[in-house]
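User: Hey, I'm new to this one. Can you walk me through it?
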Amino acid sequence: MAKQYIAAQSVETALKRRGENSAFLAGGTEINRLNSAVEADTLISIRRLDELKKVEAQGDFIYVGALCTFQQALEEDVIPEWFKEACRFMASRTKRNMATVGGNVAVKRTDSYLIPTLIAVGAGLKIETADGTKECSVLDYTEGLTCCDGLITCICLPKNPGFVKSVRFANTAQSHAYLTVAFAAKDLDHIEMAAAVKNGGIYHLTDLAAAMMKDHDVSEETLVNMVYECEGAVFPTDMFGGEKYKRYLLGVAAAGLLADAKKGGLA
Ligand SMILES: Cc1cc2nc3c(=O)[nH]c(=O)nc-3n(C[C@H](O)[C@H](O)[C@H](O)COP(=O)(O)OP(=O)(O)OC[C@H]3O[C@@H](n4cnc5c(N)ncnc54)[C@H](O)[C@@H]3O)c2cc1C
């Protein structure tokens, strides 16, 4: 349990106070959750940093402030429907009113609401660190390649990612998702996919996307068999289903997303 609480008045103070065993407090829905994976002696509240709540379109991007809540994102006209679709995966409005998009990326949960969609569209992050402002892709951040102890200030969504769709598999709307799959493509020669497998990992599905780009009519059978044979991903057997069932589901979901993209006019 935290022993000290600091309310940061600026990004600079938040970064200065960030030491060992500390965490930023944004919406607090992960930090204060029973059995949360976040353990910290010091909580640095960033809630007063209003500049991190802004959402604006500029050039080729839509910049979503890290402190934008899921509910705020749903209410912003400038935010695209495909991002709202991922925000709606958080079914509880009470939680949507508190939880922030930056917090969701930072916790990197393997049942993440937003990360698969953000990886598929090639979204980026702006991060403040002790060494200045850094920019990186959500993929690199998720894989732990960059700036993981900095303060995410903004998620950068591409304005024109083409066809984007995400699907989530869970027992009920409020239950944890055991599989979330996202697909984005400007055309059938430029496909990106990502998946979150609860307690397995977050995966950039480059092989499945490559198979679809090589053969635009690749069969569901081929995709399911590719996932059955994939050794680089973990699909735990648990109360939500067995390993084979989850692999099958990913293959079928991928085939369904490709079919939806074609129905949506992608060639
Ligand atoms: C019942 C319940 C079910 C949940 N189910 C899911 C689920 O299925 N999928 C899922 O993804 N999440 C789930 N969550 C967790 C949580 O609601 C979301 O991940 C939420 O988006 C976290 O955002 P937050 O603002 O509340 O983060 P906080 O709880 O405030 O912070 C979480 C962590 O992120 C870091 N952090 C926060 N903001 C930043 C920032 N701007 N820059 C850098 N680091 C930052 C903090 O240091 C901390 O370590 C669940 C929570 C509850 C209570």
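User: Which helix gives the most to the shell around the ligand?
Analyst: That's H5, with five residues. Keep in mind that this is a predicted model.

User: Okay, and which residues come nearest to the ligand?
Analyst: Ala-26, Gly-27, Gly-102, Gly-103 and Asn-104 come nearest, out of 29 residues around the ligand. The elements giving two or more residues to that shell are strand S2 (22-25), helix H4 (93-98), helix H5 (101-107) and strand S8 (151-158).

User: How does the shell around the ligand split by class?
Analyst: There are 15 nonpolar, nine polar and five charged residues in the shell.

User: Let's zoom out. How many helices and strands are there in the protein chain?
Analyst: Ten helices and twelve strands. The radius of gyration is 19 Å, close to the 18 Å that the globule rule gives for 267 residues, so the chain is as compact as a globular protein of that length. Along the principal axes, the C-alpha atoms fill a box of roughly 55 × 45 × 35 Å.

User: What share of the residues count as buried?
Analyst: 41% of the 267 residues do. As for contacts with a separation of 6 or more, 59% of them are between residues 24 or more positions apart.

User: What domains does the assignment give?
Analyst: Domain 1 covers 4-158 and domain 2 covers 164-263. Their C-alpha centres lie 25 Å apart. The contact between them takes 19 residues from domain 1 and 25 residues from domain 2.

User: Which helices supply the side of domain 1 that touches domain 2?
Analyst: Helix H3 (81-87), helix H6 (115-121) and helix H7 (138-142) each supply at least two residues. H6 has the largest share of that side, six residues. By class, that side of domain 1 divides into ten nonpolar, six polar and three charged residues.

User: Now the inside. Which residues touch the most other members of the largest nonpolar core?
Analyst: Ile-46, Val-64, Val-105, Ile-155, Val-181 and Met-193, in a core of 80 residues. Strand S10 (residues 177-187) brings the largest share of this core, eight residues. Each of domain 1 and domain 2 gives at least three residues to the core.

User: What does Ile-46 touch?
Analyst: Not counting residues up to four places away in sequence, Ile-46 touches Ala-8, Ala-14, Phe-24, Leu-25, Ala-26, Leu-52 and Leu-67. Ala-26 in that list is also one of the residues that come nearest to the ligand.

User: I clicked on Phe-70. Buried or exposed?
Analyst: Phe-70 counts as buried, because it has 27 C-beta neighbours inside 10 Å. Phe-70 lies in helix H2 (residues 70-75). Leaving aside neighbours within four places in sequence, Phe-70 is in contact with Cys-87, Met-90, Arg-96, Ala-99 and Val-101.

User: And how many residues apart are Phe-70 and Lys-159?
Analyst: They are 89 residues apart in sequence, and 19 Å apart in space, C-alpha to C-alpha.

User: Last topic, the backbone. What's the phi of Asn-21?
Analyst: Phi of Asn-21 is near 60 degrees, a positive value in a residue other than glycine. Asn-21 sits in the loop between helix H1 (11-17) and S2. With 11 C-beta neighbours inside 10 Å, Asn-21 counts as exposed.

User: What about Asn-199, where does that one lie?
Analyst: In the loop between strand S11 (190-197) and strand S12 (201-204). Asn-199 is not a glycine, yet has a positive phi of about 60 degrees. Asn-199 is partly exposed, with 14 other C-beta atoms within 10 Å.

Methods:
Residues are numbered from 1 along each chain as its sequence is written. This is a predicted model: local features need pLDDT of at least 70, side-chain atom pairs count only at pLDDT 80 or more; totals for chains, interfaces and linings use all residues. Domain bounds come from an automatic or database domain assignment. Two residues are in contact if their C-beta atoms, placed from the backbone, lie within 7 Å. Helices (H or I, at least four residues) and strands (E, at least two) are DSSP runs, numbered from the N terminus. Ala, Val, Leu, Ile, Met, Phe, Trp, Tyr, Cys and Pro count as nonpolar, Asp, Glu, Lys and Arg as charged, and the others, Gly among them, as polar. A nonpolar core is a set of buried Ala, Val, Leu, Ile, Met, Phe, Trp, Tyr and Cys residues joined through C-beta atoms within 7 Å. A residue is buried if 20 or more other C-beta atoms lie within 10 Å of its own, exposed if 12 or fewer, and partly exposed in between; C-beta atoms are placed from the backbone. A residue is near a molecule or strand if its C-beta atom, placed from the backbone, lies within 6 Å of it. The radius of gyration is taken over C-alpha atoms; the globule rule is 2.2 Å times the number of residues to the power 0.38.
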